[in-house]
Amino acid sequence: MTVSIVSADTLRAAVGFEELIEPVGRAFQEFSGGLAEAGLLTMFPAERPDMGDVYVKTGQIKGRSIYVVKISPWFATNVGAGRPQGGFIAVFDAGTGYTRAILAEEHYLSDIRTAAAGALAARVLAPQGVRTATVLGTGTQAFWQPRALFKERRFEQLVIWGRDAERGGGLARRLASHLPGVRITLEADLETAVRAGDVLLTTTAARDPLVKGEWLRPGQHITAVGADDQTKCELDAECLRRADRLIVDSLESARTHGEVARHLGEGSIRLDQVHGEIGSVLSGNLPGRRNESEITIAKFIGLGVQDLAAAETSLAKLAAGAAA
């Protein structure tokens with residue numbers, strides 16, 4: 001049986017994050033509705049956890065013709081050398097188990113499906129009027145999350161905070177053409193950057209909390225995507241305690257990964273302070289933002305069903321292009 005191998009360049013040319021927003025939204029709803037499964041295994045093969053990790057994620061949804069298994073490594077040496085990350089998404093036939101395709105995505109589909117999730121979070125949790133957005137970090141998601149927010153809320157100013165001013169400047173230049181009319185500034189002081197944003201996007205690999213709950217103000221929204229394993233944490237416990245709506249992608253994953261897991265383990269928050277899953281909000285079974293004064297947080301780890309949605313969309317677009 002012939003197995004298609006699809007390169008990252010082909011995927012980049014075929015699909016953008018905007019085209020994944022609605023498919024990822026449906027996948028979230030099906031997951032929260034009990035129609036899907038998303039497995040997650042994390043490994044740390046490098047000498048130090050901060051130097052390299054590997055995620056193995058699986059995704060299947062009832063009634064779909066395929067299921068996926070993703071191998072997604074991230075190694076600091078690739079970042080330093082300016083190389084793409086490795087890994088792939090394996091696509092299997094749900095009726096036979098045969099391998100249909102290998103998507104050698106170099107983390108691209110993983111990146112844009114995370115951006116799609118950020119757009120969905122903004123849709124149901126961000127305040128209607130967003131003048132200033134703040135992004136913490138200067139890496140890949142610091143590039144994608146402001147673009148995802150801008151798709152849903154046309155903000156006027158973007159504040160960038162990062163530990164490396166040179167990388168922050170490079171990020172500002174990369175984003176300029178994607179955020180027309182937006183004034184982009186760099187801010188060296190973390191607290192000032194956090195307080196400035198009507199929406200705060202946290203995209204760092206911090207091992208200890210950066211954002212203090214005492215800095216938050218009524219009406220702010222946070223989309224937190226950086227802390228995605230057992231070792232990372234961007235938000236302190238007071239952030240989570242102050243949230244009027246704390247929404248996760250998966251209650252199960254939140255118990256073992258990121259801020260919720262950290263602060264649950266320390267006894268500084270309770271599980272009932274997590275209000276539910278984004279899929280339930282998108283389906284209308286759970287309220288998102290209820291008024292403009294609420295503090296809202298979307299805490300996402302990442303689900304294999306997002307990768308399934310990304311694979312389905314990509315393969316459908318490639319097939320349509322081939323048939324045209």
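The model described here is a predicted one. Thr313 has its place in helix H12. Neighbours within four places in sequence aside, the residues in contact with Thr313 are Val15, Glu19, Leu20 and Pro23.

Helix H12 covers residues 304–323, and its axis comes within 9 Å of the axis of helix H4 (residues 108–125). The two axes cross at roughly 110°, and H4 and H12 are therefore roughly perpendicular to each other. This crossing of H4 and H12 is right-handed. On the H4 side the contact is made by Leu109, Ser110, Arg113, Thr114 and Ala117, and on the H12 side by Gln306, Asp307, Ala310 and Ser314. By type, the residues in the contact of H4 with H12 are three nonpolar, four polar and two charged.

## The six-stranded sheet

Six strands make up an open sheet with mixed pairing, in the order S1-S6-S5-S4-S3-S2. Its edge strands are S1 (4–7) and S2 (36–43), each of which pairs on one side only. On average, neighbouring strands of this sheet are turned by 15° against each other, with direction ignored.

Within the sheet, strand S4 (residues 66–75) and strand S5 (residues 88–93) run antiparallel and are joined by six bridges. One of the residue pairs is Lys70 with its bridge partner Ile89 in S5. Helix H4 lies across S3 (52–61), S4, S5 and S6 (99–104), and runs at about 100° to S4. Helix H12 also packs on the sheet, where it touches S1, S2, S3, S4, S5 and S6. The direction of H12 makes about 70° with that of S3.

## The eight-stranded sheet

A further open sheet is formed by eight strands in the order S9-S8-S7-S10-S11-S14-S12-S13, with parallel pairing. Strand S9 (183–186) and strand S13 (276–277) each have a single partner strand, so they stand at the edges and one side of each is left without a neighbour in the sheet.

Strand S7 (residues 132–136) pairs in the parallel sense with strand S8 (residues 157–161) over five bridges. Leu136 has Trp161 as its bridge partner in S8. S7 also pairs with S10, again in the parallel sense, over four bridges. Here Val135 has Leu201 as its bridge partner in S10. Strand S10 in turn runs parallel to strand S11 (residues 221–224), and four bridges join them.

## Helices H5 and H6

Helix H6 lies across S8 and S9, and runs at about 175° to S9. Helix H5 (residues 140–152) and helix H6 (residues 165–176) have axes that come within 10 Å and cross at roughly 40°. That angle makes H5 oblique to H6. The crossing of H5 and H6 is right-handed. Ala142, Phe143, Pro146 and Arg147 of H5 make the contact with Leu171, Arg174 and Leu175 of H6. The residues in this contact of H5 with H6 are five nonpolar, no polar and two charged.

## Cys233 in a loop

Cys233 lies in the loop between S11 and helix H8 (237–242). With a relative accessible area of 0%, Cys233 is buried. Residues up to four places away in sequence aside, Cys233 touches Ala206, Arg207, Asp208, Pro209, Leu210, Ala227, Glu259, Arg262 and His263. Asn78 is 155 residues from Cys233 in sequence, and their C-alpha atoms are 22 Å apart in space.

## Gln29 in helix H2

Gln29 is part of helix H2 (residues 21–32). Its relative accessibility is 30%, so Gln29 counts as partly exposed. Apart from residues up to four places away in sequence, Gln29 touches Gly279, Leu282 and Ser283. Between the C-alpha atoms of Gln29 and Pro218 the separation is 28 Å, and these residues are 189 places apart along the chain.

Technical notes:
Residues numbered from 1 in each chain as written. Predicted model: local features only at pLDDT ≥ 70, side-chain atom pairs only at ≥ 80, totals over all residues. Heavy atoms only, no water. Helix = DSSP H or I, 4+ residues; strand = E, 2+ residues; numbered from the N terminus. Buried < 20%, exposed > 50% of the residue type's maximum accessible area, 1.4 Å probe, protein only. Contact = heavy atoms within 4.5 Å. Pairing = 2+ DSSP bridges. Axes fitted to C-alpha atoms, helices over the stretch in contact; angles between N-to-C directions. Parallel < 35°, antiparallel > 145°, perpendicular 65-115°, else oblique. Left-handed = near helix turned anticlockwise from the far one by under 90°. Nonpolar A, V, L, I, M, F, W, Y, C, P; charged D, E, K, R; others polar.
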